[in-house]
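Keep the picture open while you read.

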Amino acid sequence: MSDSKFDLVVIGGGPGGYVAAIRAAQLGMSVACVESRAKLGGTCLNVGCIPSKALLQSSEIYAEAAHGLGVHGVKTGKVALDLKAMMARKDNVVDDLTKGIAFLFKKNKIEHVEGYGTLLDANTVEVKPAKGKKRTLKAARILIATGSEVTPLPGVEIDEKKIVSSTGALELNSVPKKMIVIGGGYIGLEMGSVWQRLGTEVTVVEFLDRLVPGMDAELAKTLLRTLTKQGIKFKLGTKVTGAKATKTGVALTFEPSKGGKAEKIAADVVLVSIGRRPFTEKLGLDKAGVTLDGQGRITVDEVFQTNVAGVYAIGDVINGPMLAHKASEDGVVCVERMAGHVANVDYDKVPGVVYTWPEVSTVGKSEEQLKEAGVAYNVGKFPFSAVSRARVNANTDGFIKILAHKETDRVLGVHIIGPDAGTLIHEAVLCMEFGGSSEDIAATVHAHPTLAEGVKEAAVAVTGKPIHM
Ligand code: FAD
Ligand code: NAI
C-alpha cells in the first residue's frame, strides 16, 4: 500500500500508547496506532493488570467462601473450585475491555494499524503485519510506547508451562501442588496469592532480605507477616541458581544471596518474576538515531522527546515506575505538550498498589528515603483495628502511615496496608498534588463509618492525638 500521512504515529497500543492516541485525536491530530498484537490494550489489558486482577478477585471470593464466612454466621457446604470457569471469566473481561478500546479508536477516528512497527527515520514507520503486505506510515511526529518484557533469569528457561512468567501463571489449567515464585515483588506476591488461595503450596524465593523493595520497609514487614499467616512460605536473602524442567515438574537449586551452601528443591511450577525490562527489539532506534540509557530505557526530556526531534517515548520503555497509570499519564502529558498545553507528571505523586489481601498502597517518600535525604519529618500512624468500619467488615489487619515535613507539615509520603488500601491512597495523592499538609487531611470531614476515617485519624496523629486511640 502507498504511504499514509498522519500528524502522529504511535507505536504500541498499551495504556501508554492507546491513551496518548485518544487524547491526541481529541486535540485534533490525525492519529495511527501501530500494534503487533491483534488486540489493543498492551501488556496491561492482555497479560497484566486486568487478567491478574480478575484472578485475584475470583480467588479472593473463593478463599472467603471457603474459610472466611463463618465469622459472619454464614455456613456453607464444601466450597468447590471450577478453574475453567474462573479462567473463562477472566478471558471474557479481557475480551470486553479490548473491544472497548477498539470502539474508542473508531469513535475518535484513530487508525489501528495491525503489525510490527520499525522506524525507518524520524518521520517514517514501516509496519509488517503477521499476514499481508508491509505498509509505510509518514508522520509529523512519532511516539514510541512499546512497553516492557519479562527480565530473564540466567540458567532458568521459561517454557510457559512448568517454568512460567506472569503470562503462563495467568493461564495454568490445573492447580499446581507446589509452586516456587522467584522474586517477592509485585507479580510474585499477586500471582503467588492467587495460586495459594486456590490450594497451591507457594514458596517465594527473594534475593533481598525484604519484600517489595522500594516501598516503605514497615509496610513490607507487615505484608510479610500477613502473607506468612495466610500460608505462603518465604525464603528471603536467597538466590535461585538454576531451574530445569523434569518429567514430573521442575528441579531448582538455590543458595544464600551472600553465598553459602547450595540446596535443591522440587516444584510443579516455577514462576519467574524478578522484574521487567524496556522492550525496544527491532524497533529501528539505530536508524532514527534514538539513544538509550545504561538500563536500556529510551532517554527523553521533560516533554518526552527523545534526542531526535519529533520522536517521543512514554511508559515502561522510559524511566519511572513501570505502572499502567504512569504510562497513561505520560501519554496524555506528552501529546498535550505537543499541542502547546501546560501539563506535567510528577513521578513522586504516582501511587503504587499491590493487590494482595490486604492491599498495599504507597505514594511519595518512604521513611528510609526521607532519612537518607536528611529530611526531618513527623509520623502519624493509625491501625485498622481501631477503625470501626474495619471491625464491622471483619478486616482489621494493617495500618495507615502519614509522613509529613517536620516544619511545614506538608505531606511527603503515605503508606497503607489494609482493606481497600488501593482506593484509600487517592485521598493522599490528591492532598500531595495540591501541596497539602497533614492538618488539611485532619481538618477534612470524613463520613462515618468508613475505612477512610483511618486516614483522617492517621493525619491527626502526625501532630496531635487521634480520638480513637
Ligand atoms: P505495554 O502495556 O507493554 O504496551 C506496549 C505494546 O506495544 C504491547 O502491546 C506490544 O505488543 C506493543 N509493541 C511493542 N513493540 C512493538 C512494535 N515494534 N510494533 C508494534 N507494537 C509493538 N500496572 C499497574 O499499574 N497496575 C497493575 O495492576 C499491574 N499489574 C500488572 C500485572 C502483570 C502480570 C504485569 C506483567 C504487569 C502489570 N502492570 C500493572 C504493569 C503494566 O502492565 C505496565 O506498566 C503497562 O502495561 C505499561 O504500559 P505501556 O503502554 O508502556 O506498555
Ligand atoms: P518487581 O521489581 O516488582 O520485583 C522483583 C523482585 O525480584 C524484587 O523483589 C527483587 O529483589 C527480586 N529479585 C531480583 N532478582 C532475583 C533473583 N535472582 N532471585 C530472587 N529474587 C530476585 O518485579 P515483578 O514482580 O517482576 O513485576 C514487574 C513490574 O511490573 C513491577 O515492578 C511493577 O512495575 C509492574 N507490576 C505492577 C503491578 C501492580 O501495579 N499491582 C502488578 C504486577 C506488576
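The largest nonpolar core has 53 residues, and L8, V31, F105, L143 and I144 have the most contacts inside it. A nonpolar core here is a set of buried Ala, Val, Leu, Ile, Met, Phe, Trp, Tyr and Cys residues joined through side-chain atoms within 4.5 Å. Buried means under 20% relative accessible area, exposed over 50%, and partly exposed in between (1.4 Å probe, protein chains only). Helix 1 gives this core its largest share, 7 residues. There's also a second, separate core of 34 residues, with L172, L198, V269 and V360 among them.

A quick word on ground rules: this is a predicted model, where local features need pLDDT of at least 70 and side-chain atom pairs count only at pLDDT 80 or more, while totals for chains, interfaces and linings use all residues. Residues are numbered from 1 along each chain as its sequence is written, chains are lettered from A and ligands numbered from 1 in the order in which they are written, and side-chain values use heavy atoms, leaving out hydrogens and water.

Back to I144: leaving aside neighbours within four places in sequence, its contacts (heavy atoms within 4.5 Å) include I11, L119, L283 and Y312.

Now for two helix pairs. Helices (H or I, at least four residues) and strands (E, at least two) are DSSP runs, numbered from the N terminus. Axes are lines fitted to C-alpha atoms, for helices over the stretch in contact, and angles run from 0 to 180 degrees between N-to-C directions.

| Helix pair | Axes | Angle |
|---|---|---|
| Helix 1 (residues 17-26) and helix 9 (residues 324-338) | within 8 Å | roughly 30° |
| Helix 3 (residues 49-68) and helix 4 (residues 83-107) | 9 Å apart | about 145° |

Helix 1 touches helix 9 through V19, A20, R23 and A24, which meet S328, G331, V332, V335 and E336. In the other pair, the residues of helix 3 in the contact include I50, P51 and Y62, while those of helix 4 include M86, V93 and L97.

Finally, look at helix 14 (residues 453-463), which is mostly covered: 8 of its 11 residues are buried. Those buried residues pack against strand 20 (377-383), helix 11 (388-393), strand 21 (399-405), helix 12 (421-433) and helix 13. Not counting residues up to four places away in sequence, S438 touches A404, D409, V411, A459 and V462. Of these, A459 and V462 are among the buried residues of helix 14.
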